[in-house]
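This report describes the fold of a single structure, moving from its core to its sheet and helix. The sequence and coordinates are shown first.

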Amino acid sequence: MLPHGAVADRRTQAKLGGEALSAVLAALWPDDCRSCGISLGSGKPALAIDDLHVLTRASVHHRACRAPRWNDSLTPCGDARGME
Ligand SMILES: [Zn+2]
């Protein structure tokens with residue numbers, strides 16, 4: 001579980017809803033940033049969702065490494081285009 005939660009964008013919050021979002025956050029552990037591999041530290045990480053249609057993956061990153069975003073561009077680490 002992420003002790004400080006994570007920053008999720010509005011679309012992620014709308015797609016998951018409060019209960020599912022809580023379940024996702026409860027299933028994630030403070031580990032290393034999935035972008036740079038460095039410890040996430042004590043700040044709130046960014047919650048990134050890769051919606052690849054066949055699977056949906058949640059990961060946490062430094063907010064500087066990857067913005068909190070629901071990504072359904074079919075590219076696993078899609079860039080910031082289309083960000084709301
Ligand atoms: Zn990072």
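## Core, sheet and helix

In this predicted model, Ala-6 is in contact with Leu-25, Lys-44, Pro-45, Ala-46, Leu-47 and Val-60, leaving aside residues up to four places away in sequence. Ala-6 also belongs to the largest nonpolar core, a set of 12 residues. Two elements, α1 (10-27) and β1 (46-51), each supply two or more residues to the core. The largest share, 4 residues, is that of β1.

The strands form an open sheet of 3 members in the order β2-β1-β3, and the pairing is mixed. Because β2 (56-61) and β3 (69-71) stand at the edges with a single partner strand each, one side of each lacks a neighbour in the sheet. On average, neighbouring strands are turned by 20° against each other, direction ignored. In general, strands of a sheet pair through backbone hydrogen bonds, in either a parallel or an antiparallel manner. Both arrangements occur here: β1 and β2 run antiparallel and are joined by 6 bridges, whereas β1 and β3 run parallel and are joined by 3 bridges. Individual bridge partners are listed below.

| Residue | Bridge partner | Strand of the partner |
|---|---|---|
| Ile-49 | Ala-58 | β2 |
| Asp-50 | Arg-57 | β2 |
| Ala-48 | Arg-69 | β3 |

The hairpin of β1 and β2 has 4 residues between its strands. His-53 is found in the loop between these two strands. Its phi is near 70°, a positive value in a residue other than glycine. Is His-53 buried or exposed? His-53 counts as exposed because it has 7 C-beta neighbours inside 10 Å, and the cut-off for exposure is 12 or fewer.

Helix α1 packs on the sheet and touches β1, β2 and β3. The direction of α1 makes about 105° with that of β3. Within α1, Thr-12, Leu-16 and Leu-21 are buried, and the buried residues of this helix pack against β1 and β3.

How far apart are the end C-alpha atoms of α1? They are only 20 Å apart, although the helix has 18 residues. A straight helix would reach 26 Å at 1.5 Å a residue. The helix α1 also contains a kink of about 100°, centred on Gly-17.

Another residue of helix α1 is Ala-23. Ala-23 is exposed because 12 other C-beta atoms lie within 10 Å, where 12 or fewer is the limit for that class and 20 or more would be needed for a buried residue. The C-alpha atoms of Ala-23 and Met-1 are separated by 9.3 Å, and the two residues are 22 residues apart along the chain.

Terms used: Residues are numbered from 1 along each chain as its sequence is written. This is a predicted model: local features need pLDDT of at least 70, side-chain atom pairs count only at pLDDT 80 or more; totals for chains, interfaces and linings use all residues. A nonpolar core is a set of buried Ala, Val, Leu, Ile, Met, Phe, Trp, Tyr and Cys residues joined through C-beta atoms within 7 Å. Two residues are in contact if their C-beta atoms, placed from the backbone, lie within 7 Å. Two strands pair if DSSP finds at least two bridges between them. Axes are lines fitted to C-alpha atoms, for helices over the stretch in contact, and angles run from 0 to 180 degrees between N-to-C directions. The expected span of a helix is 1.5 Å times one less than its number of residues. The bend at a residue is the angle between axes fitted to the seven residues ending there and the seven starting there.
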